Amino acid sequence: MARKDSIEKLRATLLKRRDALIRSAIGDLNLLQGKPSKTGDVLDAVADTVQAELNSQLLEVESRELAAIDAAIERLDEGTYGDCESCQKPIPLTRLRAVPYARECIGCHRITEKRKSHPAAMMNRVFDSYQADTA
């Protein structure tokens with residue numbers, strides 16, 4: 001019963017973070033859509049461009065986190081939240097408290113990250129039809 005109560009508290013955490021991200025994204029969009037100032041020199045224009053790029057990247061990161069939160073809320077509604085998508089074992093509450101939208105337990109997540117960072121895995125992503133020489 002304690003796990004179920006903790007998971008319901010995590011729902012509240014996810015909803016709060018979701019609301020905060022939406023407010024932040026709206027602010028970032030407003031900054032990106034703002035009209036550039038006509039005053040200033042070339043350095044001011046460069047600074048404005050750099051700031052716009054940073055805002056754009058921040059918006060992209062927030063957008064990915066928002067999508068992960070929405071998926072976690074959907075899993076909550078379906079009753080599958082808190083179960084590792086790889087090994088189907090319950091994700092420890094400590095991990096869910098740290099990363100409430102986690103889809104995998106830490107062990108499976110590490111395996112996934114190793115696969116992604118391994119040079120051969122990178123080559124297979126670049127060359128989908130890559131075949132090792134057999135001769």
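A residue is called buried when its relative accessible area is under 20%, exposed when over 50%, and partly exposed in between, using a 1.4 Å probe on protein chains only. Keep that in mind for the tour.

**Before you start.** This is a predicted model, in which local features need pLDDT of at least 70, side-chain atom pairs count only at pLDDT 80 or more, and totals for chains, interfaces and linings use all residues. Residues are numbered from 1 along each chain as its sequence is written, and side-chain values use heavy atoms, with hydrogens and water left out.

**Stop 1: the whole chain.** Helices (H or I, at least four residues) and strands (E, at least two) are DSSP runs, numbered from the N terminus. Of the 135 residues in the chain, 23% are buried.

**Stop 2: colour by confidence.** pLDDT is the predictor's confidence in each residue, from 0 to 100. Its average over the protein chain is 83, and 79% of the residues score at least 70. Where is confidence lowest, and where is it highest? Helix 5 (residues 119-126) is lowest, with a mean of 52, while helix 3 is highest, at 94. Now select residues 124-130, where the pLDDT is below 50; beyond near neighbours in sequence, this stretch has four contacts (heavy atoms within 4.5 Å) in the model.

**Stop 3: an annotated span.** Select residues 84-108, which an unreviewed UniProt entry annotates as "zinc finger region: dksA C4-type". UniProt positions are given in the numbering used here, feature names are shortened, and annotations may be inferred rather than shown by experiment. The end C-alpha atoms of residues 84-108 lie 8 Å apart, and the span is 36% helix and 0% strand.

**Stop 4: glutamine 88.** Look in the loop between helix 2 and helix 3 (93-98) to find glutamine 88. Its phi is near 65°, a positive value in a residue other than glycine. Is glutamine 88 buried or exposed? Glutamine 88 is exposed, because its relative accessible area is 55%.

Stop 5: Helix 4 gives the most to the lining, with four residues.
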